[in-house]
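Dear colleague,

Please find the structure below, together with the sequence. My notes on it follow.

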Amino acid sequence: MVSRIFHHSEFSDLTLLLKHKLQQGCILSLCIPTLNEEATIGNLICRLRRALVEAVPILDEILIVDSGSCDRTREEAQAAGAAVFLASEILPELPSVPGKGTNLWKSLFVAKGNLLCFLDGDIQNIHPRFVYGLIGPLLRFPEIDYVKGFYNRPILTDKGPRPIGGGRVTEILIRPLFSIFFPNLSEIVQPLSGEYAAKRSLLENLYFPAGYGVETALLLDIYRKVGIRKIAQVDLGERLHHHQDVLALGAMAFSILQTFLRRVPKLQNFPKNPLRQFYLGADGYQLLETNSSNKEYPPVLLVKAYRKR
């Protein structure tokens, strides 16, 4: 029942990790989905490139797949040494919906690795541990297929970080749902974390929702395919990043809930109503309606263009 739990420090010997990588003939790709991350993406890529490409060549490539940022995200990433792809230009012949899940799915078409590591682009306190902590278990323990990161997520305030906070959608929505419907997965510390690593052979067989539900979908589908014992967790320490407001979190939760319901047979026929929220404007409370996309991309092995690649 219990997934394996590690601490990032157990994999900090980069020379040993490199030895395992070379012995196994692995190719490692770091993939970062981005949208308007100019404030953090350049430093993030520079630090990881210096430590994990130039100093010790653990990573074979760093790439971003961008949703169409209107700031300098792509320019900053390219200047820092990443390969830069625009999601809309990958498989332009296929119907596509902008979103994080779209970027992750399309990264499988452009990344070279047989081991893939994913990070969000907004990490303010980036450190190589965010990568070696995730890929370490895959290199050291071949029986592990998927590694999920967890961390302390303090909320930044005007008076500095507040030690306990973050993960609000997890605690209010996902953990209760998992506790009721998938109790084995309730032991996952941060099921919605955007930091994880996996074998390509596993990812090739999974559906990817276009939007924020992608982490929930991957975890549920991986659990059903390979079981909890092939899933590992790694304590990555502390992660600092910008937190979204309550309206944005509500829309995120709405998308995640729809993804979850599609994966519970008895609940799949839920009504496809829009999310209705209220915000206080200059003329009083205003109604905001949001429709989440139910687009899910098929396993890439079913896509002819991928099989040709």
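In these notes, a residue is called buried under 20% relative accessible area, exposed over 50%, and partly exposed in between (1.4 Å probe, protein chains only). This is a predicted model, in which local features need pLDDT of at least 70 and side-chain atom pairs count only at pLDDT 80 or more, while totals for chains, interfaces and linings use all residues. Residues are numbered from 1 along each chain as its sequence is written, and side-chain values use heavy atoms, with hydrogens and water left out. Helices (H or I, at least four residues) and strands (E, at least two) are DSSP runs, numbered from the N terminus.

**Surface patch**

Tyr285, in strand β13, is exposed at a relative accessible area of 62%. Together with Phe278, Leu280 and Leu287, Tyr285 makes a nonpolar surface patch of about 490 Å². Such a patch is made of residues with over 30% relative accessible area and no salt bridge; like charges are joined within 9 Å and nonpolar side chains (Val, Leu, Ile, Met, Phe, Trp, Tyr) within 5 Å. Accessible areas come from the Shrake-Rupley method with a 1.4 Å probe, and for residues only the protein chains shown count as cover. Strands β12 (275-281) and β13 (284-290) each supply at least two of the patch residues.

**Salt bridges**

A salt bridge is a side-chain nitrogen of Lys or Arg within 4 Å of a carboxyl oxygen of Asp or Glu. By this rule the count is 16. One of them pairs Arg74 with Asp66 (2.7 Å, N to O); Arg74 is partly exposed at 24% relative accessibility, whereas Asp66 is buried at 0%.

Another joins Glu195 and Arg239 (3.3 Å, N to O). Glu195 sits in the loop between α6 (168-181) and β9 (196-199) and Arg239 in the loop between β11 (231-238) and α9 (246-261), so this pair ties together parts 44 residues apart in sequence. Glu195 is buried, with a relative accessible area of 0%, and Arg239 is buried at 2%. Salt bridges with shared partners join Lys100, Asp120, Asp122, Glu195, Glu215 and Arg239 into one network.

**A buried threonine**

Thr216 belongs to helix α8 (residues 214-226) and is buried, with a relative accessible area of 1%. Apart from neighbours within four places in sequence, Thr216 is in contact (heavy atoms within 4.5 Å) with Ile174, Leu192, Ile256 and Phe260.

With kind regards
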